[in-house]
Amino acid sequence: MKYIKPIIAITLAYAMCSCGVKNSSANETERGEKERISNDSVINSQDYSDLIKTVYGKFVFAIDADPEVYAHPERYFTASALKKLKDSYEFDCEDNNCYAFYELRTIEQDSKPGTTGESDITEIVSIGDNWYVVRYSDMGWSGMTRIKIVDGKIDDFTRCVEDL
């Protein structure tokens, strides 16, 4: 009985945002699915895992961001992504260059009780056409974001799953 609610919540979350991850058939094991995803990753001509890790480290999960790096997000984001981040910014902005880097993480404001509260990437999977699924722990909360890379920079993103 206690497992029904989480199963329904996870099913609904995946139905609302598939994040491009294909559902595995009943006969395909989880291990087989991971191998298939790994093989799909090889098809991409470029691996942008390092770019994604850098962006999460310097912008998304940054606690004490380096002002020099933070002042130049155009090194890591296309103009289109910066516009989306700027349009999403919800607070007062004095210099008109405020970006909602928090859009690349969960909506949680505080650490998850019973965890260390640390944030880090747990997995980056290429799903083709320059799209990646980034799974992470955000202050102990599980999250997943789809990220598209164009010309070596983040061009688009969609928050997909938060801890349920």
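Trainee: How many disulfides does the structure hold?

Mentor: This is a predicted model, and the structure holds 1 disulfide. The bond joins cysteine 93 to cysteine 98.

Trainee: What makes cysteine 93 and cysteine 98 a disulfide?

Mentor: Set the distance against the cut-off. The sulfur atoms of cysteine 93 and cysteine 98 are 2.1 Å apart, and a pair within 2.5 Å counts as a disulfide. So the two cysteines pass the test. The link of cysteine 93 and cysteine 98 is right-handed, with 90° about the S-S bond.

Trainee: Okay, let's zoom out. What are the elements of the protein, from the N terminus on?

Mentor: They run α-α-α-α-α-β-β-β-β, which gives 5 helices and 4 strands. Of the 164 residues, 34% count as buried.

Trainee: Which residues touch the most other members of the largest nonpolar core?

Mentor: That core has 25 residues, and the ones touching the most other members are Ile52, Val55, Tyr56, Phe59, Phe77, Ile147 and Ile149. Helix 3 (49-60), helix 5 (79-88), strand 2 (131-138), strand 3 (141-150) and strand 4 (153-162) each supply at least two residues. Helix 3 gives the most, with 6 residues.

Trainee: What does isoleucine 147 touch?

Mentor: Leaving out residues up to four places away in sequence, the contacts of isoleucine 147 include Ile52, Tyr56, Leu104, Trp131, Val134 and Phe157.

Trainee: How do you know that the buried residues of helix 5 line one face?

Mentor: Start with the residues themselves: Ala81, Leu82 and Leu85 are buried in helix 5. Seen down the helix axis, the buried residues fall within an arc of 100°, so they line one face. The face turned away from that buried side carries the exposed residues Ala79, Lys83 and Asp87.

Trainee: Now the rings. How many aromatic pairs are there?

Mentor: The count comes to 12 aromatic pairs. One of them is tyrosine 56 with tyrosine 136, at 5.6 Å centre to centre and 40° between the planes.

Trainee: What does the pair of tyrosine 56 and tyrosine 136 tie together?

Mentor: Tyrosine 56 lies in helix 3 and tyrosine 136 in strand 2, so the pair ties together parts that are 80 residues apart in sequence. Both partners are buried: tyrosine 56 has a relative accessible area of 1%, and tyrosine 136 is at 2%.

Trainee: Which residues do ring pairs link into a cluster?

Mentor: Phe59, Tyr76, Phe77, Tyr99 and Phe101.

Note on methods
Residues numbered from 1 in each chain as written. Predicted model: local features only at pLDDT ≥ 70, side-chain atom pairs only at ≥ 80, totals over all residues. Heavy atoms only, no water. Core = buried A, V, L, I, M, F, W, Y, C linked by side-chain atoms within 4.5 Å. Buried < 20%, exposed > 50% of the residue type's maximum accessible area, 1.4 Å probe, protein only. Contact = heavy atoms within 4.5 Å. Arc of directions from axis to C-beta. Phe/Tyr/Trp six-rings, centres within 6.5 Å; stacked < 30°, edge-to-face > 60°.
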